Amino acid sequence: MAHNHGTEANETLNALNTVDKAIERLARSLPSDARIILTADHGQLNGPLHDIWPNDPFVQHLDHEPWGDSREMHFAVKPTDSEQFEKEFRERFGEVAFLLSTAEVGDLELLGPGLISSSTTKRLGTHLAISRGADAFKYHYRPGSPKFIGHHSGLT
């Protein structure tokens, strides 16, 4: 609901209320010494969506389409195009996203201490863009793909 309607929309709040009431019913049905543990995998923010199209100039520097999530996008940049890709990406999105090379991700220990494994490096690509706030990215790999209002990942 938060993806489709936003984090503060009535539809989202009603869905949360429904879940809350279901948890209350579960709690009442359990023995008094039972414990319920709830976790969440991530939060969401409503934010502006920046469209990226296959014909965008910086996309031409990639080996294939970007992947990842709306607030953290991965890129596989052609080996000879790294400097030009970084320049064009930062000119367009530098105020809303950090652009890091895989080496910088490792140096900053964003995935934890120690070296990044080769399998993880392959999954990361050559560059990672991380939203500085609520801004999100949408790569339009096909016409008519859905646009969400609420987005997760990024620095939160």
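These are my notebook entries on a predicted model of a single chain.

**Ground rules.** I number residues from 1 along each chain as its sequence is written, and I leave out hydrogens and water, so that side-chain values use heavy atoms.

**Overall layout.** I looked up the secondary structure and found five helices and eight strands, taking helices (H or I, at least four residues) and strands (E, at least two) as DSSP runs numbered from the N terminus. Along the sequence I read the pattern α-α-β-β-β-β-α-β-α-α-β-β-β. Of the 156 residues, 32% count as buried, where buried means under 20% relative accessible area, exposed over 50%, and partly exposed in between, with a 1.4 Å probe and protein chains only. I also looked at contacts (heavy atoms within 4.5 Å): among those with a separation of 6 or more, 70% are between residues 24 or more positions apart. The chain exposes about 9900 Å², of which carbon and sulfur atoms supply 55%; the areas come from the Shrake-Rupley method with a 1.4 Å probe, and for residues only the protein chains shown count as cover.

**Nonpolar cores.** I take a core as a set of buried Ala, Val, Leu, Ile, Met, Phe, Trp, Tyr and Cys residues joined through side-chain atoms within 4.5 Å. Which residues of the largest core touch the most other members? Among its 16 residues they are Ile-52, Phe-58, Phe-75, Phe-85, Phe-89, Phe-93 and Phe-137. Strand 4 (72-75), helix 3 (82-93), strand 5 (97-101) and strand 7 (136-139) each give two or more residues to this core, and helix 3 contributes the largest share, three residues. Setting aside residues up to four places away in sequence, I listed the contacts of Phe-58 as Ile-52, Phe-75, Phe-85, Glu-88, Phe-89, Arg-92 and Phe-93. Apart from this core I noted another, of five residues, including Val-105, Leu-124, Leu-128 and Ile-130.

**His-74.** This residue lies in strand 4, and I count His-74 as buried because its relative accessibility is 9%. The side chain of His-74 reaches the backbone oxygen of Leu-124 at 3.0 Å. Beyond four places in sequence, His-74 touches Pro-66, Trp-67, Gly-68, Arg-123, Leu-124, His-127 and Leu-128.

**Surface patch.** Leu-26, Leu-30, Ile-36 and Leu-38 form a nonpolar surface patch with about 330 Å² of accessible area together; patches are made of residues with over 30% relative accessible area and no salt bridge, like charges being joined within 9 Å and nonpolar side chains (Val, Leu, Ile, Met, Phe, Trp, Tyr) within 5 Å. A salt bridge here is a side-chain nitrogen of Lys or Arg within 4 Å of a carboxyl oxygen of Asp or Glu. Leu-26 sits in helix 2 (residues 10-29) and counts as partly exposed because its relative accessibility is 41%. Leu-38 is found in the loop between helix 2 and strand 1 (45-46), and at 59% relative accessibility Leu-38 counts as exposed. Leu-38 and Ile-23 are 15 residues apart in sequence and 9.5 Å apart in space, C-alpha to C-alpha.

**Glu-8.** Is Glu-8 buried or exposed? Glu-8 lies in the loop between helix 1 (2-5) and helix 2, and I count Glu-8 as exposed because its relative accessibility is 67%. Leaving out residues up to four places away in sequence, Glu-8 touches Leu-13 and Asn-46.

Notes
Predicted model: local features only at pLDDT ≥ 70, side-chain atom pairs only at ≥ 80, totals over all residues. Polar contact = N/O pair within 3.5 Å; in protein donor to acceptor, adjacent residues only side chain to side chain.
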